[in-house]
Amino acid sequence: MNTPLTKWTLPTLWLLLTGCLQLFLLNLDYSRIQQQVNDEAGYLYDSIYDRTRLNEVLLQSFTTLVDAQPNDHQAIRRFATGMRTRNPHIARLQLQERVSINDLSVFEQTMRTRGYDYFSIRFGENQAQVSGSQGERIFFPFTFIEPFNSETRRFLGLDMSTDTHFAQSFLDSVYYRRPVATEPFALDDGRSAYTLYQVVYANNNSPDDSFQVASLVITFEGLLPATPAKDSYTRISLLDANGRLLVNSGQLPDNNWLPTLSVTHKLNRFGQPLQVQLSRSMVWSDINWVLMAGALLFSLALLKLTQAYTEQKREGQQQRQAVLQQLESERNQLESHVDQRTRELNAQLLENQRLAHRVMEVQENERRHLARELHDELGQSLTAIRTDARLLKRLHPNETSAVHQSADSIDTIARHIYAVTYDLMRYLRPTSLDDLGLVDALHECISNLRLRKRGIQLETRFSGPLNEMAETYNITLYRLVQEALTNTLRHAAADHITLELHRYQSDQEDFLELSVTDNGHGFSQSEESKGGGFGLIGMRERVNALGGQFRIQSSPEHGTRVNVMIPMPVTAEEAALLTPAIPYPADKAVPLH
């Protein structure tokens, strides 16, 4: 089942990856050509931008000269001739002057005195009347044209300011006092051009006064760079603001399966709104065939190496599978042994806990028996000795007699032995634990330590039914508190101790929490890791025997906290029989002295 899949998977993946690689290389070529087109379009835009800016500068220079010498047409013509010679894209330079109908005859006479004997105002096609502020009709005849020849002579005196093709641009230039271009139109020689108007106000006169309007007739072909497209598959187009084609330079191939890249820049400065478009068709020579062939050969070599590696890997996998099966069998056997050993260790651990619990019970029973024997036997003997000593002192009342003094010494020694024996019995088995319960036994233990005389303040917090527990829990908690307080007195040098014992009981859980905290010297974790003294070991063993958790938190100069948690598994029936304990003293923290 796996052999056909392995056989055809690699060739299929190779075809897909090779196709993706070839597409990636084609995309690189496409991106390279796109970048070239962007660069060339940027250069083209800068070139035409400079031409349009130059047009405005030339028009401003022309208007400046007209403003300075409005009647010296000879100087104006010399300037205009030089401008056209240096800038072939300017087809004509023109001047129009504002004339009202009241001044019409005087203006015609003035133009004849300038050398235009044949001058007369005429109107072009599609004329519309223009009125001034007083309601009189206003005319804008051509008063200057360069070049002035047989072809342009016919424009002299012609008023085309209200021609529908030029009127809006002409009036905008007069009103806004800035350069404004007209819509494209065709010249007599067939070239496409537009007119750029600029009003000339002498001494900043208002539009109602006499003024002139200068204009340049600019060919669109002249705006394009002087050098044509550098190849036969690049076209430069100049469009108007609405995207209509004005002029082309270069041609694109008709039949080409490859894409055509086009970049358009909008130019709307200096009153000449235009769009510059550079289009270039990709050709087969743009593709890096050497790189694509090299990539193909490399992918073929990689396919062969991959097939050889796959075959070698398949053989290795078979060998590895056999080894894994053997390891799996051995692992199963090992897990079986580990499970069996774990069960044995768990059973041994439970047995050790039961044994430890039994040892502690035996130890406590022995202590109880020893305490009882001391109380019954030694106590009675000491009482008899003291009775005989008192009898001797009554028989020999003379205090200076040797018998009286000996009897008094015997009574003192017996009393001391009795006190030591009583302390020993109380340490072995506190009678209050059997007579009064755990809480009172703990208070008696605390009282016997005489903490107030040692300058130590103790706070206790007890809560929960602590007096209704089994003997095992009572004696364990008593010994834990006794050992913890004794260790604090011996080693901590603390002046404040907090003792907390709480029993939390509900239908789901029942456990004890004991904590003893002091503000003494404390010790480092390294000292704790060494196992501590026999007292800590005994405390830990007692807690472990009941399935609890024993934890010590301490650090140098930050005190020590001993925390114990012991579970108390009970049934629902047993929990119902338990009554809430009445803490003694109350649950609030009470300092003992």
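The legends below describe several views of one predicted model of a protein chain. Residues are numbered from 1 along each chain as its sequence is written, and side-chain values use heavy atoms, with hydrogens and water left out. Because the model is predicted, local features need a pLDDT of at least 70 and side-chain atom pairs count only at pLDDT 80 or more, while totals for chains, interfaces and linings use all residues.

**View 1. The whole protein chain and its elements.** The protein chain holds 13 helices and 20 strands, where helices (H or I, at least four residues) and strands (E, at least two) are DSSP runs numbered from the N terminus. Of its 593 residues, 39% are buried, a word that here means under 20% relative accessible area, with exposed over 50% and partly exposed in between (1.4 Å probe, protein chains only).

**View 2. Confidence along the protein chain.** The mean pLDDT, which is the predictor's confidence in each residue from 0 to 100, is 79 for the protein chain, and 84% of the residues score at least 70.

**View 3. The largest nonpolar core.** A nonpolar core is a set of buried Ala, Val, Leu, Ile, Met, Phe, Trp, Tyr and Cys residues joined through side-chain atoms within 4.5 Å. The largest one has 43 residues, and Phe62, Leu216, Phe220 and Leu238 have the most contacts inside it. Helix 1 (residues 2-68) gives the largest share of this core, 11 residues. Apart from it lies another core of 39 residues, including Leu442 and Phe550.

**View 4. Phe220 and Ser192.** Not counting residues up to four places away in sequence, Phe220 touches Pro184, Ser192, Ala193, Tyr194, Leu238, Leu246, Val247 and Leu274. Ser192 belongs to strand 9 (residues 192-200), and Ser192 counts as buried because its relative accessibility is 16%. Leaving aside neighbours within four places in sequence, the contacts of Ser192 include Pro184, Ile218, Phe220 and Leu246.

**View 5. Helix 2.** Helix 2 (residues 73-86) has 14 residues and reaches 20 Å from its first C-alpha to its last, close to the 20 Å expected at 1.5 Å a residue; the expected span is 1.5 Å times one less than the number of residues. Among the buried residues of helix 2 are His73, Ile76, Arg77 and Met83.

Conventions
Contact = heavy atoms within 4.5 Å.
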